[in-house]
Amino acid sequence: MNRGRITDRIFDFGKNLVGHLPGGLGHVNVLGSMIMAGMSGSAVADASGLGRVEIKAMVENKFDVGFSAALTAASSTIGPIIPPSIHL
């Protein structure tokens, strides 16, 4: 997904929807995780697929690296909650 730039497209879609809000990239991070969860259902796939894109964009926009990583880790846990999910 990263090689095919699908993760970038998911992130850009989220940015167009909620990026204008204060703290918009944080909202985009959570929204992107929700979209990815609908496709994979796995927290690990969510974090590894979108994590690189989300953290890079947030750091470039002056968010703290620790906050960016923590938000990405927390939002990736949405994966097992939204169907279709992988229950392991």
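## Helices α2 and α4

In this predicted model, helices α2 and α4 are roughly parallel to each other, because the angle between them, about 30 degrees, falls under the 35 degrees that sets the limit for this term. Their axes lie 9 Å apart, and the crossing of α2 and α4 is right-handed. Helix α4 covers residues 65–76.

On the α2 side, the contact is made by Gly26, Asn29, Val30 and Ser33, while α4 contributes Ser68, Leu71, Thr72, Ser75 and Ser76. Sorted by class, the contact of α2 with α4 holds seven polar residues, two nonpolar residues and no charged ones.

## Helices α1 and α3

The axes of α1 and α3 come within 9 Å and cross at roughly 55 degrees. The two helices, α1 and α3, are therefore oblique to each other. Their crossing is right-handed.

Residues Thr7, Asp8, Ile10 and Phe11 of α1 meet Gly49, Leu50, Arg52, Val53, Glu54 and Ala57 of α3 in this contact. By class, the contact of α1 with α3 comprises five nonpolar, two polar and three charged residues.

## The largest nonpolar core

In soluble globular proteins, nonpolar side chains tend to be buried together. Here the largest nonpolar core consists of eight residues: Phe11, Val18, Leu25, Val28, Val53, Ala57, Met58 and Leu71. At least two residues of this core come from each of α1 (6–18), α2 (24–40) and α3 (43–60). Helix α3 provides the largest share, three residues.

Phe11, Val53 and Ala57 belong to the contact of α1 with α3, and Leu71 belongs to the contact of α2 with α4.

Note on methods
Residues numbered from 1 in each chain as written. Predicted model: local features only at pLDDT ≥ 70, side-chain atom pairs only at ≥ 80, totals over all residues. Heavy atoms only, no water. Core = buried A, V, L, I, M, F, W, Y, C linked by side-chain atoms within 4.5 Å. Buried < 20%, exposed > 50% of the residue type's maximum accessible area, 1.4 Å probe, protein only. Helix = DSSP H or I, 4+ residues; strand = E, 2+ residues; numbered from the N terminus. Axes fitted to C-alpha atoms, helices over the stretch in contact; angles between N-to-C directions. Parallel < 35°, antiparallel > 145°, perpendicular 65-115°, else oblique. Left-handed = near helix turned anticlockwise from the far one by under 90°. Contact = heavy atoms within 4.5 Å. Nonpolar A, V, L, I, M, F, W, Y, C, P; charged D, E, K, R; others polar.
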